[in-house]
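Subject: Structure for you to look at

Hello,

Here is the structure I said I would pass on. My notes on what was found in it follow below.

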Amino acid sequence: MINLPISIDAIIPEITLACGAMFLLIIGALSKRIITNTLSYAAVLLLIFTFFLLVSLNWDTSISMNGFFVMDSFAGLIKSAVLLSMAGVLALSTGYMKREEIVAFEYPILVLLSTLGMMVMVSANDLLSLYIGLELQSLALYVLATIRRNSLRSAEAGIKYFVLGALSSGMILFGSSIIYGFAGTTNFTAIAEAFSANPDMKLGLSMGLVFLLSGLAFKISAAPFHMWTPDVYEGAPTSVTALFAIVPKLAALALMMRIFCEPFMGLQDMWVQILWVLSVASMLVGAFAALTQENIKRLLAYSSIGNVGYALIGIIVGGTGGLGATLYYFLIYMAMTAGTFGIIMSLRREGASLEKIESLEGMSKTHPVQAYVLAILMFSMSGIPPMAGFFGKLFIFESAIAGGYIYLAVLGVVSSVVAAYYYLRIIKVMFFDEQVEELQYETNVPRDAVIIVSILIITGLVLMPEPLLIMTQNATASLF
Amino acid sequence: MIEFPLLSLLTFLPLIGAFFIITIRGDSESVAQNAKYTALYTSIFVFVLSLYIMLTFNPDNGGFQFKEKVEWLPSLGISYTMGIDGISLFFVMLSTFLTPICILASWDAVKLRVKEYMIAFLVLETLMIGTFCALDLFLFYVFFEAVLIPMFLIIGIWGGPRKIYASYKFFLYTLLGSVLMLLAMLMLYSQTGISDVETLMQNPVAANLQYVLFLAFFASFAVKMPMWPVHTWLPDAHVEAPTAGSVILAGVLLKMGGYGFLRFSLPMFPEASDYFAPMIMTLSVIAIIYTSLVALVQEDMKKLIAYSSVAHMGFVTLGIFSMTTIGIQGGIFQMISHGLISAALFLCVGVVYDRLHTREMSRYGGIVKNMPKYATVFMIFMLGSAGLPGTSGFIGEFLSLLGTYQVNILMSLLAATGMILGAAYMLLLYRRVVFGPAENRDALAMPDLNSREIGILAPLAVMVILIGVYPAPLTSRIEPSVDRLMAIYQTNIGKTLEPKKATLVDAEPLNDSSEPISLTYKEQAHD
């Protein structure tokens, strides 16, 4: 190995991904034909290759790049999940993009670049690297939202997402500069040291933290910063919606966990209050606002808002128990969402993609297997045992009760009952209503593979809920 | 030596049958036929296996038998623990006994999606047995809650005109109660670090915590039971569910509430049970009288039986929360008896509904002439429901009232009027449907019971009379477990009630006096 002034071992996966993305970009740009599909499969392979590179790394805590970059088992687990779910999302979307005639070859490359952004976010150990990662992923996602250029709705969704996203990035930047102003450093470890050396800066730091937190709340679409979510989910092509729903929030949640556990641990009494409000508001908005939705993508948008509310409970509780529960919950949520979007993308009615919930009418008669899969996913989303979604909720509420947040747990279960109503509605439409028009299911091997993996996780977890729990708890233990 | 996991086999056998049904391929006619037979044979085999378990069950042992324990979530100390005692044994039997009957009852009535219907019933059987066998808080919850899924689909897919409303109401009502119980379980777990039911029974939590936990468990079990005033989902669910769905709902699912009180509330929260007993007894008495009155004015046969179920379940809670050995025995017996009788009554309604497609009582009348066999079996169940001596209904209600009488005379007096009202509405139902003016030609043209229907109803009729005349095989197995439950209850209340010792001493003679009655009763039973 060449002797470099700084060690690059820890960021080899990121470098690989960046180089690979550039390489694919050049191939795509130089190619005479449009080779979106080939590039997509190449991107999936690249993601999986990067995943194996990541797994082969040493996951012991190490800080490199002059304190910019941290690699620990927490980052390792989150990055693995990001890489694999991104590969899954790409597998889900190739068939859909082809059918919808969205042939921009930039699509897989933008996905790769947003993945890279998320990986940098997760490993950020400095406010600057945090911002670089966040912006890289956000910019890629803005473009993805508008990828269907000739569609007014897609363009509207993209602009809306961009304007609000830029505002939130601005807030994060503003918050970071306040924090820098008080602490005199942007490094996470140094901020924590500066604070413990001089507790008087608490007020100033919490000012900065509030801005930082508001910006991050935009990214995870926690209420009351959720306004963009339903519109963007509805307007963007469904494959992009799937991506929005599944991956970026995990990276943003992981980032939140890291900044709360490292630089701002001393301000716990401050941020817990903010998160409490965010969590309760998200759960309630997610439960009640979804009740009247007719569009299935909007419904899933509100469902994701609600789910972020549950995930935040674990962060509020803190400790390996709480954070581990959040991770557990969110990983299962990702698996469920992947399956759900897979089914939705496969369905067509009268040659058009599915948008309305009513369009699922009578699906159980024409496509019983798919209908049962979707029903299982919906029961899992509403947290009914023995599906995996139940275990996610179980550990979240277990941590809340163990941490003494009983009211939060009560609000959580009550809103989960309200939310069960609209999940049941999808089942009702599929099973209890009579069919009006013919519904087509389009088979696509990579997409069906993702659906099968998702349903196996959802139904099989009951047999072995333990390994994932150990994994998430060990990962979060490295934060402390 | 590792003991053979009989209970797990019993629990998951129906699931294996369901799996085989999934794999059936071919044209829809033969698929339906094969699915029916596979489901029937599976459920009969499960019943035979449960008979074997009942016969090898040691009646002298009040503790848990056939125990199994496998690590499930070792880092949290949660394991897959199964076992039965005298209290749960007969609920398991009830589940395995009613499932083949349900499958037979749907033989011709269900024409749509037969394959899925049979799968739903087999899955439901697995979950019911699992609920009664689970000896870990969270395992119990998994089974208890998962029951909602097949039942929701059964009501929603194969139900009547207002099936959507009924299925939603059933699901959301029960879910809301259950999630509160889940929180209480988590609280209990975080306080003690134990999720094993048997260990938890020995270690009651602090008294002030017990009140909250009791109420949360109560929220779940009271809805499931159902107790007044959270019973309103039951008439809707019963009316809209297909016949077999009503049978399982009335026969087994309602018993999960009473079972829960016995398994969790009484031994784990003795202090709170003691504190809330007057409230629950009051609610029970209101349920008995109020729902009996409501039943009197029903036009829909299924609705009438549904309201009568609420009243009969009132006797169960009354008996259980009298906190006397005899009352608890009565409660258990009443649940078993009601499981048989109400199931049979719904089947009887199903028989005429299949012929005339209406449940309005006024559309029938005088059918004793053309359906004498039907009139006979219907009479047995009608009288059983009214609590006639010689049927199982009498023993359950009598023991419950006896237990209540030892604690509160007024309550038992008021509840006893419920027996009169019960006789009134059942006789009214019978008079209007079976006797009465023979005005409806189509009702008079109905053929009598066919051999399949006799095959369904006869075992139930035999059981109702058999255990009504000779209840000893049941009571002898139930009694040691109830004694053990009472012993745990007494010691636990002693543990948590240190400062209030005086009241405990006052309460003692009441419980002593129950002993002789129990003995004489048993002697009579053996005669």
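Chain B and chain A bury about 3200 Å² between them, and carbon and sulfur atoms account for 82% of that area. Trp72(B), Tyr168(B) and Leu183(B) give 18% of what chain B buries against chain A, more than any other three residues. Please keep in mind that this is a predicted model.

The interface

Counted by residue, the contact involves 33 from chain B and 37 from chain A.

On the chain B side, at least two residues each come from β1 (65-73), α5 (137-146), α6 (148-158) and α7 (163-192). The largest share is that of α7(B), with 16 residues. By residue type, the side of chain B that touches chain A has 25 nonpolar, 4 polar and 4 charged residues.

A sheet in chain A

Chain A also has an open sheet of 3 strands, in the order β4-β3-β5, with antiparallel pairing. Its edge strands are β4 (352-353) and β5 (439-441) of chain A, each of which pairs on one side only. Between β3(A), residues 347-349, and β5(A) there are 3 bridges in the antiparallel sense. Within β5(A), Leu439(A) is the residue that stands opposite Arg349(A).

Helix α14 of chain A, residues 319-346, lies across β3 and β5 of chain A and runs at about 35° to β3(A).

Regards

How values were computed:
Residues numbered from 1 in each chain as written. Chains lettered and ligands numbered in written order. Predicted model: local features only at pLDDT ≥ 70, side-chain atom pairs only at ≥ 80, totals over all residues. Heavy atoms only, no water. Contact = heavy atoms within 4.5 Å. Buried area = accessible area lost by both parts, 1.4 Å probe. Helix = DSSP H or I, 4+ residues; strand = E, 2+ residues; numbered from the N terminus. Nonpolar A, V, L, I, M, F, W, Y, C, P; charged D, E, K, R; others polar. Pairing = 2+ DSSP bridges. Axes fitted to C-alpha atoms, helices over the stretch in contact; angles between N-to-C directions.
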